[in-house]
Amino acid sequence: MNWGMKNRLSRIIQPDTGRCLMLAVDHGYFQGPTTGLRNLGATVNPLLPYADALMITRGALKGWIPPETGKPIILRVSGGPTVLKELSNELVTTTIEDAIRINASAITCSVYIGAEFEKETIANLAQLVNDGEKYGIPVLSVTAVGRDMARDARFLGLASRVCVEIGAHIIKTYYCEGFEQVVEACGNVPVVIAGGKKLPEKEALEMAAGALSCGAVGVDMGRNIFQSDKPVAMIKAVRALIHEKKSVDEAYEMYLNG
Ligand code: R5P
């Protein structure tokens, strides 16, 4: 791995703990004005001090996030279909040149294993890895889960391993029973979990703790933070779990008192 790639990765996965808290706010690229992100800046800017990195599209970044932010950007560079269409029919929407201009610390796309446009989304990932390797920009690959897909270790392990084989530098997937098998399938490539739909805060903390105990390096969490009644208290609690190795009960207490 070249120096630039290592340097960018170390801005995201914190060298002192080996872990990371990514804040995902890229939902608008297929969902439109998602609850909590209608005024994206009002929700996200107060959360930024507690995040290690921000996952976002270039449009949302330019519209709502000040360029003075010191936070590493994980730039969502895929898109196309909305929730009204076949989601797997994605294309790469943002050039590597624009990612470089933005000073992205990583670029990201979704890979839809088992879906109608599986091959095209693998091709998107391959293009990103080829561009990323050329310019020292790591690629985070999201294992997208279609409507009728089982979120189990067999499927998520398969989907994650395919992304590893194509060359992804970080895997983002979903927590499931037997999650250690998914982590194992990724070898030395770091794994983070998405939060998924909004859960009660304690359950979201339990899910994150479960993933960490199975070997995940952290989370790339969105709705379970920004749709919380107390988003700042919630991100602080998730941070304590990830970086300070607090227990779920301790982190939940922090949320309640935050
Ligand atoms: C989905 O593909 C998007 O990349 C979201 O960023 C991702 O699902 C994480 O957000 P959440 O924790 O809300 O699931």
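I looked up I171 and found that it stands opposite V191 in strand β9. Helices (H or I, at least four residues) and strands (E, at least two) are DSSP runs, numbered from the N terminus. The model is predicted: local features need pLDDT of at least 70, side-chain atom pairs count only at pLDDT 80 or more, and totals for chains, interfaces and linings use all residues. Residues are numbered from 1 along each chain as its sequence is written.

**Strand β8**

I then followed β8 (residues 170-173) to its two partners. β8 pairs with β9 (residues 191-194) in the parallel sense over three bridges; two strands pair if DSSP finds at least two bridges between them. On β7 (residues 139-143), which runs parallel to β8, I again found three bridges. There S141 has I171 as its bridge partner.

I checked which way the side chains of β8 go. I170 and K172 point one way, I171 and T173 the other, and all are buried. A residue is buried if 20 or more other C-beta atoms lie within 10 Å of its own, exposed if 12 or fewer, and partly exposed in between, with C-beta atoms placed from the backbone. In a regular strand the side chains alternate between the two faces of the sheet.

**Helix α8 and E180**

I traced β8, α8 and β9 as a right-handed β-α-β unit; right-handed means that, with the strands pointing away from the viewer, the path from the first strand over the helix to the second runs clockwise. E180 lies in α8 (residues 179-185). E180 counts as partly exposed because it has 14 C-beta neighbours inside 10 Å. Leaving aside neighbours within four places in sequence, I list C214 and G215 as its contacts (C-beta atoms, placed from the backbone, within 7 Å). G210 is 30 residues from E180 in sequence, and their C-alpha atoms are 9.6 Å apart.

**Strand β1**

Next I took β1 (residues 20-24). Five of its five residues are buried, so β1 is largely enclosed by the rest of the structure. C20, M22 and A24 cover one side, L21 and L23 the other. β1 pairs with β10 in the parallel sense over four bridges, and M22 has D220 as its bridge partner there. Three bridges join β1 to the parallel strand β2 (residues 53-57), where A24 stands opposite M55.

**Core**

I looked for the largest nonpolar core and got 82 residues, of which M22, V25, I74, A237 and V238 touch the most other members. Such a core is a set of buried Ala, Val, Leu, Ile, Met, Phe, Trp, Tyr and Cys residues joined through C-beta atoms within 7 Å. Helix α11 (residues 231-243) gives the largest share of this core, seven residues. Beyond four places in sequence, the contacts of I74 include M22, M55 and L140.

**Ligand**

I counted 15 residues around the ligand, the closest being A24, A194, G195, G222 and R223 (C-beta atom, placed from the backbone, within 6 Å of it). β10 (218-221) and α10 (223-226) are the elements that give two or more residues to this shell.

**Positive phi**

Last, I noted N103, which has a positive phi of about 70° although it is not a glycine. N103 is in the loop between α5 (96-102) and β6 (106-111). N103 counts as exposed because it has 11 C-beta neighbours inside 10 Å.

Note on methods:
Contact = placed C-beta atoms within 7 Å.
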